[in-house]
Amino acid sequence: MAKKKNMEYDELPRMPTMTEAMIPILFLIVALSLSIIVLEIDPHIPIVLSAAFAALVAVRMGVKWNVIEEGIFSGIRTGLQAIIILMIVGMLIGSWIQSGIVPTMIYYGLQILSPQIFLVAAAIMTAIVALFVGSSWSTAGTIGVALVGIGGGLGISPGLVGGAIISGAYLGDKISPLSDTTNLAPGAAGNTNVFEHIRHMLLVTVPAFVITLVLYAIIGMQFAGQELDVGAIEEITMTLSENFWISPVLMVVPLLVIVMIIFKVPPIPALIGGAVIGGITAMITQGAGLGAVLDTMHYGYFIETGVEHVDELLNAGGLDGMMWTISLILAALSLGGILENCGFLAVILENILKKAKTYGQISLVTHITAIFVNLVAADQYLAIILPARMFSHAYKDIGAHPKNLSRIAESSGTVTSPLIPWNTCGAFMYGVLGINPLVYAPFAFFNWLTPLISIAYGYLGIGFAEWTEEDEKAAAEGAD
């Protein structure tokens with residue numbers, strides 16, 4: 001019988017064995033593979049069934065139902081902010097389309113950007129916005145939506161467009177002192193601060209983003225010399241101008257939201273303020289009635305222009321339109337909560353750590369663990385906190401500064417989350433951008449390169465920061 005190794009699991013009759021811990025994981029892998037690859041259905045029900053199966057394994061171990069239920073609730077609690085933000089972003093997208101804000105972005109974007117430079121420009125633009133607002137989600141839900149429309153109008157594939165948006169948004173998020181995960185990582189690792197963490201992150205993020213931009217530039221070269229479908233672009237811009245009042249004045253609204261977030265207005269009130277201002281703008285500039293505005297915020301915007309591509313771009317948003325994504329998040333977080341609360345993840349992580357002895361091996365294990373947690377617990381916060389909590393002593397034992405752990409946890413835990421469809425981040429991006437993570441993931445180069453470069457650094461000893469006696473004294477003085 002496996003003994004309890006952590007007082008956090010004192011409500012469990014015992015910790016699961018490694019075999020018991022792996023059974024729900026294997027069930028999840030089989031269920032998702034069968035549903036996505038073979039049956040080609042949504043992952044919701046397979047994840048719910050996997051959660052039920054994990055609960056059955058826990059019951060067989062003797063775990064009481066209230067412990068399992070608390071795991072479900074605690075898992076969902078970690079994602080409540082994400083769910084609320086997603087609902088508000090749905091309202092915001094609907095009101096910003098109806099008010100002409102998104103159509104204006106698309107209208108001018110099609111005239112300014114060319115296919116050859118679009119991917120590089122999109123990555124840089126989203127990186128700058130995310131740096132100042134500290135949120136990849138807010139970036140994707142505002143400028144990202146417009147870039148999807150512009151990219152579609154320029155004839156660029158959705159996968160490439162989504163990859164460029166995700167790459168830029170996550171770079172900006174990772175080097176922004178306003179980002180919640182960028183603050184969470186050093187906090188979870190301990191004995192380091194956010195600015196020290198960001199400086200250490202630059203060792204990985206800068207080369208990863210430079211390579212990303214080079215790759216986008218190379219891809220963009222295939223459009224060089226090709227004639228734009230001027231007729232199609234003119235049809236889109238003409239249709240937009242016929243159905244909306246188009247003016248740069250409308251850009252004041254998104255700029256106002258960005259300013260609010262820069263001045264540390266929390267995301268929820270800032271975004272709901274943006275949605276309300278968008279609705280008021282729709283009534284003033286587009287002649288929409290109050291009932292129509294509220295209906296759009298609820299069900300999304302709908303228009304029939306007679307131009308199919310324009311209709312596809314603009315028929316989106318609404319609180320109701322986010323329910324598919326929210327239900328997926330709830331299912332995934334319920335499963336993750338059971339696996340965490342019943343000790344399955346802890347046992348797996350402890351067994352993984354036993355295989356690592358050197359800095360390179362411990363770094364690799366930390367990366368793999370964070371990605372694994374993203375896959376099974378479906379939450380980027382857990383993907384940072386769990387490795388930082390489980391492996392902190394391992395880093396201390398080899399004389400590594402905690403900022404190594406904070407950088408590694410974020411280099412793998414955060415940036416890989418939008419690549420997983422059932423993760424809160426992947427589901428959010430799908431709901432906002434309308435592009436399946438499986439479609440854009442191959443082209444989100446930054447999100448692949450960051451963990452790969454970080455893993456390589458571990459084995460090459462690049463960027464290794466030693467925990468010195470001075471650091472020990474500083475930490476002791478700080479504790480006092």
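The structure is a predicted model, in which local features need pLDDT of at least 70 and side-chain atom pairs count only at pLDDT 80 or more, while totals for chains, interfaces and linings use all residues. Residues are numbered from 1 along each chain as its sequence is written, and side-chain values use heavy atoms, with hydrogens and water left out.

The chain contains 24 helices and zero strands; here helices (H or I, at least four residues) and strands (E, at least two) are DSSP runs, numbered from the N terminus. Its radius of gyration is 23 Å, close to the 23 Å that the globule rule gives for 480 residues, so the chain is as compact as a globular protein of that length. For this comparison the radius is taken over C-alpha atoms, and the rule is 2.2 Å times the number of residues to the power 0.38. Along the principal axes, the C-alpha atoms fill a box of roughly 70 × 50 × 45 Å.

Of the 480 residues, 56% count as buried, where buried means under 20% relative accessible area, exposed over 50%, and partly exposed in between (1.4 Å probe, protein chains only). The chain carries 18 positive and 34 negative charges, and their mean positions are 20 Å apart. In this count Lys and Arg are positive and Asp and Glu negative, with His and the chain ends not counted, and each charge is placed at NZ of Lys, CZ of Arg, CG of Asp or CD of Glu.

Spanning residues 44-61, α2 has 18 residues and reaches 26 Å from its first C-alpha to its last, close to the 26 Å expected at 1.5 Å a residue; the expected span is 1.5 Å times one less than the number of residues. Buried residues of α2 include His44, Pro46, Ile47 and Met61. The buried residues of this helix pack against α1 (18-38), α3 (65-78), α16 (323-341) and α17 (344-353). Just after α2, glycine 62 takes a positive phi of about 100°.

Several single residues complete the tour. Lysine 403 sits in helix α20 (residues 402-413) and is buried, with a relative accessible area of 17%. Beyond its neighbours within four places in sequence, lysine 403 is in contact with Thr192, Glu196, His200 and Ala465. Leucine 203 belongs to helix α10 (residues 194-220) and, at 37% relative accessibility, counts as partly exposed. Not counting residues up to four places away in sequence, leucine 203 touches Tyr457 and Gly463.

Serine 247, in the loop between α11 (230-243) and α12 (252-262), is buried at 9% relative accessible area. Leaving aside neighbours within four places in sequence, serine 247 is in contact with Thr104 and Tyr108. Leucine 12 lies in the segment before α1 and is buried, with a relative accessible area of 3%. Leucine 12 and alanine 288 are 276 residues apart in sequence and 57 Å apart in space, C-alpha to C-alpha.

Methods. Contact means heavy atoms within 4.5 Å.
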